[in-house]
Each structure stands twice: as structure tokens, then as C-alpha cells.
Amino acid sequence: MRMWIRLLLAGLFAIGIAGAAAAQDAKPSQEEAKAVTLKAADLIAAKGLEEAARSFNAEGEFKRGEIYVNVIDFTGVWKVYPPRPAGVGQSVINVKDPDGRFIVQDVLATAKDKGEGWVEYRWLNPATNRIEPKVTYVKRVPGQDLVAYVGVYK
């Protein structure tokens, strides 16, 4: 009887681990990207960029898997870029996707004209090493010339 209980518990434990790993590796949704972007813009407005950047660069709700918060100013200079923090301070205003679209200019236009919205383009997915469609939710930080955005591959 004890052996069956141990086997049952071991099986349940293995299922739990597999389920947790699958949930962690689950592809983030557009709704998740939007929710994280809106929360990030609110955090910057409430606490300031410096304090918010600490949260954006640390593993957690703002940085996990494919999800991470980018922040640029209205001149197209990176203020937060978790995949490569050394890039902070660099101008990305003229960055193009493989189709020649100026994606940072599109991000800025959306933030300036509408306050928030979606920008679609194609980008290299580091997980697959292929150019894939990507959609990014953009939000102007209230009262500031800063833009927070989070993208996900489609």
C-alpha cells in the first residue's frame, strides 16, 4: 500500500512540475502585452522612471520570457531596454524592420497621435531565429514625453 501511495505522489508531483513548466513556457498573449504596458506606464507616472526601471530590469511581472518593457523618449532614445541594458542612451529612431518600416517612428507616432495603440511589424524572434510577425502595445506615459511598450510574436 505504501508503495502505491509513493507512486501516486511521485506521479502527481511530476504532473505538477510539467504543468508549471508548460505554463511558464506558454506563449504570452496580446492582452498580456497590453496589460503589462499599461501597468508599466502607470508605474513610471507614479514612481518615476528610475524606480520603475529597476522593476522592468528584474525578473518578475514586467520581465519574464518574451515579455519585457521597453521605454523610449520622444526623440527615440532608449531609456529602458532589458535585453541589452548597455543600449540605454542610444538612439533607435531609425531602426527598421526587415521590410524597411521605421518601427520606432511608428511607435512614437502611435503614442503621440493616439496616446496608445498597437504597432505591427516583423522582427527576428531569438527563440526561433526566424523573422516573424510581431505586435507591440504602445502607451505614452501620462504627462511625460516617454513611451512604454511591450511586444509579442504572433
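Which residue takes a positive phi just after helix 2? In this predicted model, in which local features need pLDDT of at least 70, side-chain atom pairs count only at pLDDT 80 or more, and totals for chains, interfaces and linings use all residues, that residue is Gly48, with a phi of about 95°. Residues are numbered from 1 along each chain as its sequence is written, and side-chain values use heavy atoms, with hydrogens and water left out.

Helix 2 spans residues 30-47, helices being DSSP runs of H or I with at least four residues and strands runs of E with at least two, numbered from the N terminus. Its 18 residues reach 26 Å from the first C-alpha to the last, close to the 26 Å expected at 1.5 Å a residue; the expected span is 1.5 Å times one less than the number of residues.

Within helix 2, Ala33, Val36, Thr37, Ala40, Ala41 and Ile44 are buried. They lie on the same side of helix 2, because they cover an arc of only 135° around the axis, taken from the directions from the helix axis to the C-beta atoms. Glu31 and Ala46, on the other side, are exposed (buried, under 20% relative accessible area; exposed, over 50%; partly exposed, in between; 1.4 Å probe, protein chains only).
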